[in-house]
Amino acid sequence: IPFPIRTMVSAPDGPPADQAKSVHLLLEKVDFLRALSPTEQQMLVDRTRLLVYAPGEKVFAQGDPGESFYLIKTGRLRVTVCNQEGECFLAKEMLPGEFFGEMALLTGEPRSATVETLTDVELLSLDKSALRELLRANPDADRLISEVLARRQLRTDQAREKARKAAERRGGPTGQVFEQLSEQFLKKIREFFSY
């Protein structure tokens, strides 16, 4: 009986040096990571993982649990949000440089959309452990993140309302609604990361 043979190859942590700069440039495009210092951003660069998908694959489905955030390095993806009846009311194509999955990463909530690849795709992934210490160390980061999440949630809620009331056009959100959403996200972030 032949014995199984396993070859172990040790690779350095983080992306290779030639990719580190491109990873850093992508992270700079993420609005809620701008509150981090260059040293903190470099810590995130070192903790990113590269994931590769073929056309037609699901990255995740609406309602799935998750604790990862993704940046699109190459390729195109489609994001769809559907109601309980299965009617999709929001569909968007995403391109390199864009990001998604921050709600699940930062608050622990189930995925609010389904993300599928349209082409070959390379994604950079950050998980909860990569952000935990950085959020504790930077008192401004969680406030900025909560404001970004509130803006995105308002956009999703507006799309949902427009689908429900197709004949009526609804105006922009009031400042009070934005502040309430921002505070809700701030509370969820702090509870999820336990600080």
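**Pocket, cavity and sheets**

Guide: Helix 5 gives the most to the lining of the largest pocket, with five residues. Bear in mind that this is a predicted model.

Visitor: Which elements supply at least two residues of that lining?

Guide: Strand 4 (77-82), strand 5 (88-94), strand 6 (99-100), helix 3 (102-107) and helix 5 (141-164) do. The lining has 25 residues. Val79, Glu102, Ser112, Arg152 and Thr156 lie nearest the centre of the pocket. The space in this pocket is about 630 Å³.

Visitor: What makes a residue part of a lining?

Guide: An atom within 4 Å of a grid point of the pocket or cavity. By class, the lining of the largest pocket holds 13 nonpolar, four polar and eight charged residues.

Visitor: How many cavities of 30 Å³ or more does a search of the whole structure find?

Guide: One. The largest cavity has about 30 Å³ of space. Helix 4 (128-137) and helix 5 each give two or more residues to its lining.

Visitor: Why is a space called a cavity rather than a pocket?

Guide: Because a 1.4 Å probe fits in a cavity but cannot get out, whereas a pocket is an open set.

Visitor: What classes of residue line the largest cavity?

Guide: Seven nonpolar, no polar and no charged. The residues are Phe32, Leu33, Leu36, Leu131, Leu135, Ala141 and Ile145. Phe, Leu, Ala and Ile count as nonpolar.

Visitor: What about strand 4 and strand 7, how many bridges do they have?

Guide: Four, in the antiparallel sense. Among the partners, Thr80 is bridged to Thr114 in strand 7.

Visitor: Why is Thr80 called buried?

Guide: Buried means under 20% relative accessible area. Thr80 has 12%, so the word buried applies. Thr80 sits in strand 4. Leaving out residues up to four places away in sequence, Thr80 touches Gln62, Cys88, Leu90, Ala91, Ala113 and Thr114.

Visitor: Which way do the residues of strand 7 point?

Guide: Thr114 and Glu116 point one way, Val115 and Thr117 the other way. All are buried. In a regular strand the side chains alternate between the two faces of the sheet.

Visitor: What is the order of the other open sheet?

Guide: The order is 1-8-3-6, four strands with antiparallel pairing. Strand 1 (49-53) and strand 6 are the edge strands, each pairing on one side only.

Visitor: How do you know that strand 3 and strand 8 pair?

Guide: At least two bridges are required. Strand 3 (residues 68-74) and strand 8 (residues 121-127) have six, in the antiparallel sense. Tyr70 stands opposite Ser125 in strand 8.

Terms used. Residues numbered from 1 in each chain as written. Predicted model: local features only at pLDDT ≥ 70, side-chain atom pairs only at ≥ 80, totals over all residues. Heavy atoms only, no water. 1 Å grid on protein atoms, 1.4 Å probe; cavity = no way out; pocket = protein on both sides within 12 Å on 5 of 7 lines; lining within 4 Å. Points joined across faces, edges and corners; volume = space filled by probe spheres on them. Buried < 20%, exposed > 50% of the residue type's maximum accessible area, 1.4 Å probe, protein only. Contact = heavy atoms within 4.5 Å.
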